[in-house]
Amino acid sequence: MNEKFAPELLESKCEIVECVMEQLEHMLSTVTKHEIPVNIWISASHEQSKNMSSLAPHFFRRATDRSREENLRRARKGDLKVSIHRMEMERIRYVLSSYLRCRLTKIEKFFPHVLEKEKTRREGESSSLSPEEFAFAKEYMANTETYLKNVALKHMPPNLQKVDLLRSVPKPDLDSYVFLRVKERQENILVEPETDEQRDYVIDLEEGSQHLIRYKTIAPLVASGAVQLI
Amino acid sequence: MFCEKAMELVRELHRAPEGQLPAFNEDGLRQVLEEMKALYEQNQSDVNEAKSGGRGDLIPTIKFRHCSLLRNRRCTVAYLYDRLLRIRALRWEYGSVLPNALRFHMSAEEMEWFNHYKKSLATYMRSLGGDEGLDITQDMKPPKSLYIEHFLPRWKCEQLIRQGILEHVLS
C-alpha cells in the first residue's frame, strides 16, 4: 500500500515477495490435495507485512462460519474448501502483482534518476531496487538510448548528439502531498516552509492520527514503518 | 519560420487521444533533421566569418539559429519518446502479440524497441520466484468472484452470497 501512494520508488522488499510467492506455491500444491492448511497460513501471516496478514482473519472467519453449517455443507464440503482456498490465492496473487506492477511503472517512469540513485548509493545503504529490477532498469535505459540515437540523434549536428536524460526526464515529485496514518508516536518533526512568508515549525505526530502532509517531510518515517500511507 | 515542422510532430501526438498510436511520421522527422542540418551549416559558416572576418553582428543570428536547433531537438525527442510510451502501454494492454493495424503504424526501429522491451519484461517476470515466475500483466483488477456467471440453484448460493464469495449477477 505504501508503494502505491508514495511518489518515489521505495526500498525493495525482496524477502517479503519471496515469502509470499512461496506461500502461493505451497497453497497451490495443497489445493490439489483438497486440504486446507489453516494453521500454516495463519502462522506465516505473522511473518509477512501487515497488508498480507489482513487477509488472514477473513480466511479464518470463513472457516468458523462453515463449522456452523455442517449439515448443509457436507455434500459440497471438499468443493467449498477448495473454492475458498483458491479465492485467497487469487487475492494474494492480485496484491503481489499489483505491488510489483506499481514498482515497475515507477522504475520506467523515472529510469535515469533511479539508476543514478543506485549508482551513487553508499556502501551499506539499502537499495531501492532488487537485482532483477536493476537489470530491467539498465536494459530499459540502454534500449531507449539506443533507439533515440539511431533514429534521430546520430543524424543531428555533432554538438547536439548527446541528450542528458537526467535533465530531460522529470524527477519524482517529493513535494507532493500524501495521506498518512501514524503507527508510532513521533515527536518534533520539522516541517519546512513552502513559501518565503512561512517559517518552519515543529509538529508531533500522535499514534493513530491521520494527516495530509508533504511526502518529503515524512519520507524517512515511511521507510522505518512509523507511518502508513493511505 | 523555423521549427514549424517539429511543432507539427508534437501537435500530431497531442491531438491523438491517450493510448492511440498514429502512423509514424517518417517524412516529418526527415524534414526536421534536414532543417537542423541546414541551420547548423549556416551557423558554421557564420561562426567562421565572425571569427576571421570580425563580423560580431552575426552573433545574434548564430544564437537564434542555435536556439532553433535546440527546439527542434527537444520536439523530436519528445515526439519519439512519447510514441515509445504509447507502444509500451500496448504491451500491457494487448499482450505480446500486437494487432496488425497497430503494427503498421510503427517504424522498424520502434518494433525493435518493442521486441527488446518485451524480452526484458519477460526475463524480469520469469525471475520472480518459483519455476515459471509470476505473470504480472494478468490480474489487473481485484478478483471479485471465483466463477464467472455460474448458474447455481438459489438455496446453495444464499450462504455464499451472504459471505460475499459470490455476487448475484442480475442479468
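Q: What do the side chains of B:Arg83 and B:Glu110 do?
A: They meet in a salt bridge, at 2.7 Å from N to O. Bear in mind that this is a predicted model.

Q: Which helices do B:Arg83 and B:Glu110 lie in?
A: B:Arg83 is in helix H3 of chain B, residues 59-94, and B:Glu110 is in helix H5, residues 108-126, so the pair ties together parts that are 27 residues apart in sequence.

Q: Are B:Arg83 and B:Glu110 buried or exposed?
A: Both B:Arg83 and B:Glu110 are buried.

Q: How many salt bridges over all chains?
A: The search of the whole structure finds 14.

Q: OK, what about B:Glu8 and B:Lys5, how far apart are N and O there?
A: 3.1 Å, in a salt bridge between the two side chains. B:Glu8 and B:Lys5 sit 3 residues apart in helix H1 of chain B (residues 4-15), so about one helical turn separates them.

Q: Which residue does B:Arg30 form a salt bridge with?
A: With B:Asp27; their closest N and O atoms are 2.4 Å apart. That pair is in helix H2 of chain B (residues 26-52), 3 residues apart, which means about one helical turn between B:Arg30 and B:Asp27. B:Arg30 is partly exposed at 41% relative accessibility, and B:Asp27 is partly exposed at 42%.

Q: Which residues are linked in a network with B:Arg30?
A: B:Asp27 and B:Glu34; salt bridges link them with B:Arg30.

Q: Changing topic. What is the secondary structure of chain B?
A: It comes to 6 helices and 0 strands, in the order α-α-α-α-α-α along the sequence. Of its 171 residues, 38% count as buried.

Q: What does UniProt list for residues 44-128 of chain B?
A: The record has "domain: GINS subunit" there, and the entry is unreviewed. In the model, residues 44-128 are 80% helix and 0% strand, with the end C-alpha atoms 54 Å apart.

Q: How much of the contacts in chain B with a separation of 6 or more come from residues 24 or more positions apart?
A: They account for 56%.

Q: Where does B:Val97 lie?
A: In the loop of chain B between H3 and helix H4, the latter being 100-103. B:Val97 is exposed, with 62% relative accessibility. In sequence, B:Val97 and B:Lys118 are 21 residues apart, and their C-alpha atoms are 9.9 Å apart in space.

Q: Over to chain A. What does A:Asn143 touch?
A: Leaving out residues up to four places away in sequence, A:Asn143 touches B:Trp113, B:His116 and B:Tyr117. A:Asn143 is in helix H9 of chain A, residues 131-151.

Q: And is A:Asn143 buried or exposed?
A: Buried, because its relative accessible area is 10% and the cut-off is under 20%.

Q: Last one: which residues make the nonpolar surface patch?
A: A:Tyr177, A:Phe179 and A:Leu212, covering about 330 Å². A:Phe179 is in strand E1 of chain A, residues 177-182.

Notes: Residues numbered from 1 in each chain as written. Chains lettered and ligands numbered in written order. Predicted model: local features only at pLDDT ≥ 70, side-chain atom pairs only at ≥ 80, totals over all residues. Heavy atoms only, no water. UniProt positions renumbered as here; feature names shortened; annotations may be inferred. Helix = DSSP H or I, 4+ residues; strand = E, 2+ residues; numbered from the N terminus. Salt bridge = Lys/Arg side-chain N within 4 Å of Asp/Glu carboxyl O. Buried < 20%, exposed > 50% of the residue type's maximum accessible area, 1.4 Å probe, protein only. Patch = residues over 30% accessible without salt bridge, like charges linked within 9 Å, V, L, I, M, F, W, Y side chains within 5 Å. Areas by Shrake-Rupley, 256 points an atom, 1.4 Å probe, with all protein chains shown as cover. Contact = heavy atoms within 4.5 Å.
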